[in-house]
Amino acid sequence: NAAAKPPPTPSPLRFSKFFQSNMRILVTGGAGFIGSHLVDKLMENEKNEVIVADNYFTGSKDNLKKWIGHPRFELIRHDVTEPLLVEVDQIYHLACPASPTNVIGTLNMLGLAKRVGARILLTSTSEVYGDPLIHPQEESYWGNVNPIGVRSCYDEGKRVAETLMFDYHRQHGIEIRIARIFNTYGPRMNIDDGRVVSNFIAQALRNEPLTVQAPGTQTRSFCYVSDMVDGLMKLMNGENTGPINIGNPGEFTMIELAENVKELINPKVEIKMVENTPDDPRQRKPNITKARELLKWEPKIKLKDGLPLMEEDFRLRLGVPRNN
Ligand code: NAD
Ligand code: UDP
Ligand code: UDP
């Protein structure tokens, strides 16, 4: 009876793990927005060697240009839906497009973690709570996801990824960590992928109307990327599997966000109400009690302080100088 067997010991740890000094760390999706900030932080520690695997689907080498050629850094063009053979101590698994390849990529990274005895962290999402019926969302809530809706591929993909993580943990004794990331913003965000903060900032800089999707009273809670990276690293290096919410509990309606961006960047810009997509969650705010207690983590940067930092980066990338 397989269920009665104790979990097998993970495969022998890499040599460097015995000395706890050097760490070889894989970051999948490391050329992306959050991943590249995580890489910056990991590279600050001279004992870390960092390997990024990314297929540049939404990310870019540009985000990592300061590390290319560095002796402790390696960039591999690789699609995580294909098996990957590397020897590492930790895996931050961020690679994920908004499609089901999520699941296969996670399965491969779990197989890798099992083979080499690495600890693996999955960046899951607040979307696992769907259109939540409890507010704020705490980790014990199972969520309210429409399985056949237009957003389901991403949400259900992450839910299956979480299931696989726990199955590998129970069956093979893999050390897992699951972060449920809430809306994150900051420099290097994709300019044109339609996320609300990047849309509003780009629109304000281009002097185009800010497109608030109806009704505009829906809420989100936005976490600045440096706080996010700090939370992910505390989770990875702590003792808790999670899932743990990582996000900023400061909650705003989309109308409030538009007004904030307008006031900060372009007081003359128009705010326009446009049609929304189906199944848009009406409210979202993390309960971060677990992160506070178990990780001693909480976000430090308020939205009004984070937006100007992002504005700087967007001005440079869009070529809109401040005196414009
Ligand atoms: P991003 O699109 O900037 O980064 C994802 C990276 O993964 C990109 O560099 C992309 O090229 C790469 N990638 C995609 N598919 C791949 C594949 N098959 N093989 C290899 N690389 C692949 O997005 P992000 O905002 O930095 O998100 C990072 C992680 O955090 C994702 O797992 C995402 O689901 C999760 N997350 C982000 C947010 C947010 O607000 N940004 C919220 C919740 C969860
Ligand atoms: N895998 C990988 N790198 C590794 C080990 C495994 O990408 O170093 C992939 C492997 O190709 C497989 C998946 O991870 O598709 C799951 O591996 P596991 O050993 O758990 O399952 P099995 O191969 O026994 O089905
Ligand atoms: N949104 C908006 N205008 C935009 C883009 C998005 O009002 O130009 C709204 C969207 O309807 C949603 C919220 O902003 O209610 C957050 O959307 P995003 O896609 O950034 O994140 P997610 O829905 O995944 O939380």
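This is a predicted model: local features need pLDDT of at least 70, side-chain atom pairs count only at pLDDT 80 or more; totals for chains, interfaces and linings use all residues.
Local features need pLDDT of at least 70, side-chain atom pairs count only at pLDDT 80 or more, and totals for chains, interfaces and linings use all residues. Residues are numbered from 1 along each chain as its sequence is written, while chains are lettered from A and ligands numbered from 1 in the order in which they are written.

**View 1. The largest nonpolar core has 75 residues.** Such a core is a set of buried Ala, Val, Leu, Ile, Met, Phe, Trp, Tyr and Cys residues joined through C-beta atoms within 7 Å; buried means 20 or more other C-beta atoms within 10 Å of the residue's own, with C-beta atoms placed from the backbone. Helices here are DSSP runs of H or I, at least four residues, and strands are runs of E, at least two, numbered from the N terminus.

**View 2. Ile91 sits among the core residues with the most contacts inside it, along with Ile120.** Leaving out residues up to four places away in sequence, Ile91 touches Leu26, Met109, Leu112, Ala113, Ala118, Ile120 and Leu121 (contact: C-beta atoms, placed from the backbone, within 7 Å).

**View 3. Ligand 1 has 29 residues around it.** Each has its C-beta atom, placed from the backbone, within 6 Å of the ligand. The closest are Gly29, Gly32, Phe33, Thr58 and Gly59. Helix H2 (33-43) supplies the largest share, three residues.

**View 4. Ligand 3 is surrounded by 13 residues.** Arg195, Val196, Asn199, Gln213 and Met254 come closest. Strand S8 (210-213) gives the most, three residues.

Key:
A residue is buried if 20 or more other C-beta atoms lie within 10 Å of its own, exposed if 12 or fewer, and partly exposed in between; C-beta atoms are placed from the backbone. Two residues are in contact if their C-beta atoms, placed from the backbone, lie within 7 Å.
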